[in-house]
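This report describes one structure in plain terms.

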Amino acid sequence: MLGRMPATLQVLDAIAEPTRRRILDHVREKDRSVGELVDLTGMHQPGVSRHLRVLRDAGLVDVRVDAQRRIYRLRA
């Protein structure tokens, strides 16, 4: 299994981390900016952004640009 991880394993790997599950809970409630997620998780912005990248790559969240902000939502 060299190269890309199968989609199912990628999703399971993404949600295995407790912080990413908390982030998913927050974006499940409503669309959230990175700044809101920083405040809600108590983490620094680079850490939140790394977790969001994993969630986005696994297909669990979508992102849209709103001026300078990135808004994340749960992908149905």
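Is Arg 75 buried, partly exposed or exposed? Arg 75 is partly exposed, with a relative accessible area of 46%. Here buried means under 20% relative accessible area, exposed means over 50%, and partly exposed lies in between (1.4 Å probe, protein chains only).

The model is predicted: local features need pLDDT of at least 70, side-chain atom pairs count only at pLDDT 80 or more, and totals for chains, interfaces and linings use all residues. Residues are numbered from 1 along each chain as its sequence is written, and side-chain values use heavy atoms, with hydrogens and water left out.

**Salt bridges**

Side chains of opposite charge can pair when their charged atoms come close. The structure holds 7 salt bridges, a salt bridge being a side-chain nitrogen of Lys or Arg within 4 Å of a carboxyl oxygen of Asp or Glu.

| Pair | Closest N and O atoms |
|---|---|
| Glu 29 and Arg 32 | 2.6 Å |
| Arg 32 and Glu 36 | 4.0 Å |
| Arg 75 and Asp 62 | 3.9 Å |

In the pair of Arg 75 and Asp 62, Arg 75 lies in the segment after E3 and Asp 62 in strand E2, so the pair ties together parts that are 13 residues apart in sequence. Helices (H or I, at least four residues) and strands (E, at least two) are DSSP runs, numbered from the N terminus. Asp 62 counts as partly exposed, at 23% relative accessibility.

Salt bridges that share partners join Glu 29, Arg 32 and Glu 36 into one network. Glu 29 is exposed, with a relative accessible area of 55%, while Glu 36 is partly exposed at 27%. Arg 32 is buried, with a relative accessible area of 10%.

**Arg 32 and its surroundings**

Arg 32 is found in strand E1 (residues 32-33). A polar contact of 2.6 Å joins its side chain to that of Glu 29. A polar contact is a pair of N or O atoms within 3.5 Å; within protein, one must be able to donate a hydrogen and the other to accept it, and residues adjacent in sequence count only if both atoms are side-chain atoms. A polar atom of the Arg 32 side chain also lies 3.1 Å from the backbone oxygen of His 26. Leaving aside neighbours within four places in sequence, Arg 32 is in contact (heavy atoms within 4.5 Å) with His 26, Val 27, Leu 37, Leu 40, Arg 70, Ile 71 and Tyr 72.

The backbone oxygen of Ala 14 is 2.7 Å from a polar atom of the Arg 20 side chain. Not counting residues up to four places away in sequence, Arg 20 touches Asp 13, Ala 14, His 51, Val 54 and Leu 55.

The buried residues of H3 are Val 34, Leu 37, Val 38 and Thr 41. Seen down the axis of H3, they fall within an arc of 105 degrees, so they line one face of the helix. The arc is that of the directions from the helix axis to the C-beta atoms. These residues pack against H2, E1, H4 and E3. Just after H3, Gly 42 takes a positive phi of about 75 degrees.

Helix H4 (residues 45-57) has 13 residues and reaches 18 Å from its first C-alpha to its last, close to the 18 Å expected at 1.5 Å a residue. That expected span is 1.5 Å times one less than the number of residues. Gly 47, Val 48, His 51, Leu 52 and Leu 55 are the buried residues of H4. Seen down the axis of H4, they fall within an arc of 135 degrees, so they line one face of the helix. They pack against helix H1 (7-15), H2, helix H3 (34-41), strand E2 (61-66) and strand E3 (69-74).

**Positive phi after H4**

Just after H4, Gly 59 takes a positive phi of about 80 degrees. Ala 67 has a positive phi of about 60 degrees although it is not a glycine. Ala 67 is found in the loop between E2 and E3 and counts as exposed, at 70% relative accessibility.
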